Amino acid sequence: MPPSLVRSALEQLLLPAECLLCHALLVERDTARIVCPVCQHRWRHVRPPWCARCGQPEPHFGPCRLCAEWPAGLQSVRSAVWLSEGAQDAVHALKYRSLPRIADDLATAMRDLRPNTDGPSGLALIPIPLAPKRFRRRGYNQSEVLARALAKEWRIPVLVDVLVRTRDTPTQTTLTPATRLANVAGAFDVRHAAWHVWRRRLQINAACDTPHATLLLVDDVFTTGATLAEAARALEQAGARRIHGVTFARAAIPDFT
């Protein structure tokens with residue numbers, strides 16, 4: 001059993017049956033949750049997207065500044081909620097408080113983000129990989145945990161060995177939009193052995209090849225999309241043509257001044 005699942009099982013045994021955010025006692029039907037339905041209802045959903053591609057709800061005049069430089073293969077990115085109030089606390093619990101089980105609650109909020117696919121199409125989730133040093137410190141990749149929770153919701157596979165991080169990068173938290181792009185440039189690559197295994201399986205089981213497959217990049221938070229764009233660039237160079245991104249939360253509108 002993966003360490004994150006062992007940790008989740010222990011949490012269910014040891015943690016009190018109360019909401020992580022408001023500390024209200026959970027009713028019996030909700031004891032498997034970490035966030036109560038009331039707190040989930042308070043999360044501010046992102047709607048409607050003004051930009052059809054990046055989903056940023058900001059009026060645009062001319063090309064969108066946020067996604068103009070994205071690779072062509074990255075067709076859309078959508079987020080479930082704004083990174084404010086309880087949603088930020090939930091992300092913090094996932095990333096820094098060793099509570100991977102909260103990913104099930106985050107995936108519930110993301111349930112409607114699955115893109116529509118037409119015709120024969122392989123559909124797979126690819127989590128944004130974590131740098132080895134951070135993975136060792138945290139013990140799990142929060143994006144992978146979130147992707148696995150989504151896989152249960154959507155009943156589609158997770159490809160964890162295809163995309164790799166080629167170098168550690170400083171945290172994006174305090175960087176401007178321009179420096180975020182430079183920070184992650186060339187930070188991802190495709191592990192070709194795993195990629196070819198999946199392509200072969202796709203041809204046999206889904207009767208389609210990689211260009212017709214739909215890959216869903218999964219991350220916890222969207223700010224400028226730099227990380228998703230660079231990951232999509234690596235997949236595009238390997239032959240992918242239909243890539244989408246989904247995140248639980250979206251940070252405030254970036255400052256482009």
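Strands β5 (residues 214-222) and β6 (residues 243-250) run parallel and are joined by seven bridges in this predicted model. Within this pair, aspartate 219 of the chain sits opposite threonine 247 in β6.

Stepping back, we find the two strands in an open, four-stranded sheet with parallel pairing and the order β1-β6-β5-β2. Because β1 (74-82) and β2 (123-127) are the edge strands, each has a single partner, and one side of each lacks a neighbour in the sheet. From one strand to the next, the twist averages 25°.

| Helix | Residues | Strands touched | Angle between its direction and that of β5 |
|---|---|---|---|
| α3 | residues 86-96 | β1, β5 and β6 | about 105° |
| α6 | residues 142-154 | β2, β5 and β6 | about 125° |

The largest nonpolar core holds 40 residues, and Trp43, Ile102, Leu125 and Phe248 have the most contacts inside it. Two or more residues of this core come from each of β1, α3, α4 (103-109), β2, α6, β5 and β6. Helix α6 gives the largest share, seven residues.

What is leucine 125 in contact with, leaving aside its neighbours within four places in sequence? Its partners are Ala147, Leu150, Ala151, Trp154, Ile156, Pro157, Val158, Leu159, Leu216 and Val218.

There is also a second, separate core of 35 residues, with Leu163, Val184, Ala213 and Ala226 among them. In soluble globular proteins, nonpolar side chains tend to be buried together.

Conventions: Residues numbered from 1 in each chain as written. Predicted model: local features only at pLDDT ≥ 70, side-chain atom pairs only at ≥ 80, totals over all residues. Heavy atoms only, no water. Pairing = 2+ DSSP bridges. Axes fitted to C-alpha atoms, helices over the stretch in contact; angles between N-to-C directions. Contact = heavy atoms within 4.5 Å. Core = buried A, V, L, I, M, F, W, Y, C linked by side-chain atoms within 4.5 Å. Buried < 20%, exposed > 50% of the residue type's maximum accessible area, 1.4 Å probe, protein only.
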